[in-house]
Amino acid sequence: PSSLLPPAANDTGKDLRVLRFMPQGAVPLAPELSVTFSQPMVAVTSQSDAAANVPVKLTPTPKGKWRWIGTRTILFDPDIRFPQATTYTVEVPAGTKSATGGTLKDAVKFTFETPPMRVISSYPSSGDPQRRDAPAFIEFDQKIDPKALLPKLKVKAGNCRVVPSQVK
């Protein structure tokens, strides 16, 4: 690992601050997470050396990698994108130190959430009578676990509830 420190910043000796972060709140799609600090957080070095310094806690944490863009902005790149139908909590703890000695006085915490699944289409889509052996189809706007969804499906035949028995 490199022992070179980044050049002195204009705010050397001042408190560390989180200048900006994204995403925040309800978002339709979250391709990455970024947090930008007021002071350099890592030395100018290789990405593998810098990526070992992650001052941000992400809960839950999907598969992916942290990487620095310069010395002040850290990104989390999920392997694909942030999974849908999830609320994420991001925290930079109080006491986090910059590479130039600045300290974050108060924790910075924010959340973002990706949308729940929606039905795009289904068959049969009308309330018209169907044969008892007619196949049914539901298309969602994101990947789902069919076995987790099966117990939540409600199928009625007249006033009787039918238990779906097969997922393909």
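1. **Basis.** Residues are numbered from 1 along each chain as its sequence is written, and side-chain values use heavy atoms, with hydrogens and water left out. In this predicted model, local features need pLDDT of at least 70, side-chain atom pairs count only at pLDDT 80 or more, and totals for chains, interfaces and linings use all residues.

2. **Core.** The largest nonpolar core has 24 residues. Such a core is a set of buried Ala, Val, Leu, Ile, Met, Phe, Trp, Tyr and Cys residues joined through side-chain atoms within 4.5 Å. Buried means under 20% relative accessible area, exposed over 50%, and partly exposed in between (1.4 Å probe, protein chains only). Leu33, Phe37, Leu58 and Phe112 have the most contacts inside this core. Two or more residues each come from β3 (33-37), β5 (64-69), β6 (73-78), β7 (87-92) and β8 (108-113). Strands are DSSP runs (E, at least two residues), numbered from the N terminus.

3. **Phe112.** Leaving aside residues up to four places away in sequence, Phe112 touches, among others, Pro23, Val27, Leu33, Leu58, Phe82 and Tyr88. Contact here means heavy atoms within 4.5 Å.

4. **Ring pairs.** There are 7 aromatic pairs. Rings of Phe, Tyr and Trp (its six-membered ring) pair if their centres lie within 6.5 Å; planes under 30 degrees apart count as stacked, over 60 as edge-to-face and the rest as tilted. Phe21 and Phe110 are stacked, because their centres are 3.9 Å apart and their planes are at 15°. Phe21 lies in β1 (residues 18-22) and Phe110 in β8, so the pair ties together parts 89 residues apart in sequence. Phe21 is partly exposed at 27% relative accessibility; Phe110 is buried at 6%.

5. **Ring cluster.** Phe82 and Tyr88 form an edge-to-face pair, with centres 5.0 Å apart and planes at 70°. Both are buried. Ring pairs link Trp66, Phe76, Phe82, Tyr88 and Phe112 into a cluster.

6. **Sheet.** An open sheet of 4 strands runs β2-β8-β7-β4, with mixed pairing. Two strands pair if DSSP finds at least two bridges between them. The edge strands, β2 (25-26) and β4 (57-59), each pair on one side only. β2 and β8 are parallel over 2 bridges. Gly25 has Phe112 of β8 as its bridge partner.

7. **Thr96.** This residue sits in the loop between β7 and β8. Thr96 is buried, at 11% relative accessibility. A polar atom of the Thr96 side chain lies 2.6 Å from the backbone oxygen of Pro93.

Definitions and conventions: A polar contact is a pair of N or O atoms within 3.5 Å; within protein, one must be able to donate a hydrogen and the other to accept it, and residues adjacent in sequence count only if both atoms are side-chain atoms.
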